[in-house]
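Subject: Handover of a structure

Dear colleague,

Please find the structure below, with its sequence.

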Amino acid sequence: MSNRIQWPEGKDFAFTIFDDTDLQTLDNVSEVYAFLADIGLRTTKSVWPIRGNKIPGVGGTTCEDEKYLQWVMKLQQQGFEISLHNVTYHTSLREETLRGIERFYELFGHYPYSAAANHTNCYENIYWGNYRLTGIHEIIYNLLLRNRNKGVFQGHIEGSPLFWGDVCKAKIKYVRNFVFGDINTLQVCPFMPYHDPKRPYVNYWFAASEGPVVDSFISMLAEKNQDRLAAAGGACIMYTHLACGFYEKGRIHPRFKFLMERISKMNGWFVPVRTLLDYLLESRGPYGITSSERNKLERRWLLHKIIGTRGTT
Ligand SMILES: [Zn+2]
């Protein structure tokens, strides 16, 4: 699985962003997207199709806000991928999840291609908390968290009022799982997108590189990392929250701007997450992860969490 990928159009590497919609408003994020569009990037922006009716732990604008929706639709027309981050910002029962996914279809003309089905404190998250891990890794996770998350996330548990695994399987192609502290996502997870036979309701999983807010994002995107990504012919999917410091005090964060302009001038393939994953899938065919590959990924992720905990990614 470590064979070098031949990228389309003679490109040296691939780079994209999966933007988690937490805390977004038109005010804090529209300039960031205008900038990304200007430098030729087409990335993936997640949305909440429906407004919640409870107080969110972490909220933000939903597609029920007309002005925001118009803006998101314009992004879609420009070539950005619109994807799903659960259906709203708090726990949703099965009927609500189904309604939200249908609403997504009505708004964007397709079901979500990629998704981060793991918003903080949403108990319908799929294979989340301890269910993200297997065997000894699950036991270690529960010990580390003192069972705080044990059994609470039930999107994949048939019979639970939160179950929607069947719909995930039927409608959504890619779901995000592990996030690592390396810019070359593909080097850490060369199997992606992969199917995990132990987690059958997700068609394909993908991993990402960690940079949840502007400071961690820019340290991951440092010049030496960009050069290493290109030299290795790798692929980077940055998982971030573009509402978190990328645009402040009326301007794009200057170091972010500099680094993104730098990478945009390199010979990279800058396409949305879904396009990148489709390409990998088509080039290599469907792949089912083996137990030893899963072990390796889980161990690496756990170590990364223990050594450098940053949020819930
Ligand atoms: Zn979130």
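Tyr239 is buried, with a relative accessible area of 1%; buried means under 20%, exposed over 50% and partly exposed in between, with a 1.4 Å probe and protein chains only. Please note that this is a predicted model, in which local features need pLDDT of at least 70 and side-chain atom pairs count only at pLDDT 80 or more, while totals for chains, interfaces and linings use all residues. Residues are numbered from 1 along each chain as its sequence is written, and side-chain values use heavy atoms, with hydrogens and water left out.

Aromatic rings

Rings of Phe, Tyr and Trp (its six-membered ring) pair if their centres lie within 6.5 Å; planes under 30 degrees apart count as stacked, over 60 as edge-to-face and the rest as tilted. By this rule there are 25 aromatic pairs. One of them is the stacked pair of Phe18 and Tyr239, with 5.4 Å from centre to centre and 10° between the planes. Phe18 belongs to strand E1 (residues 13-19) and Tyr239 to strand E7 (residues 235-240), so the pair links parts of the chain that are 221 residues apart; helices (H or I, at least four residues) and strands (E, at least two) are DSSP runs, numbered from the N terminus. Phe18 is also buried, at 0% relative accessible area.

His85 lies in the loop between strand E3 (81-84) and helix H3 (94-108), and His119 in the loop between strand E4 (114-115) and helix H4 (135-144), so the pair ties together parts 34 residues apart in sequence. His85 is buried, at 1% relative accessible area, and His119 is buried at 1% as well.

Cysteines

The whole structure holds zero disulfides, a disulfide being a pair of cysteine sulfur atoms within 2.5 Å. The sulfur of Cys63 is 15 Å from the closest cysteine sulfur, that of Cys122, which is too far for a bond.

Yours sincerely
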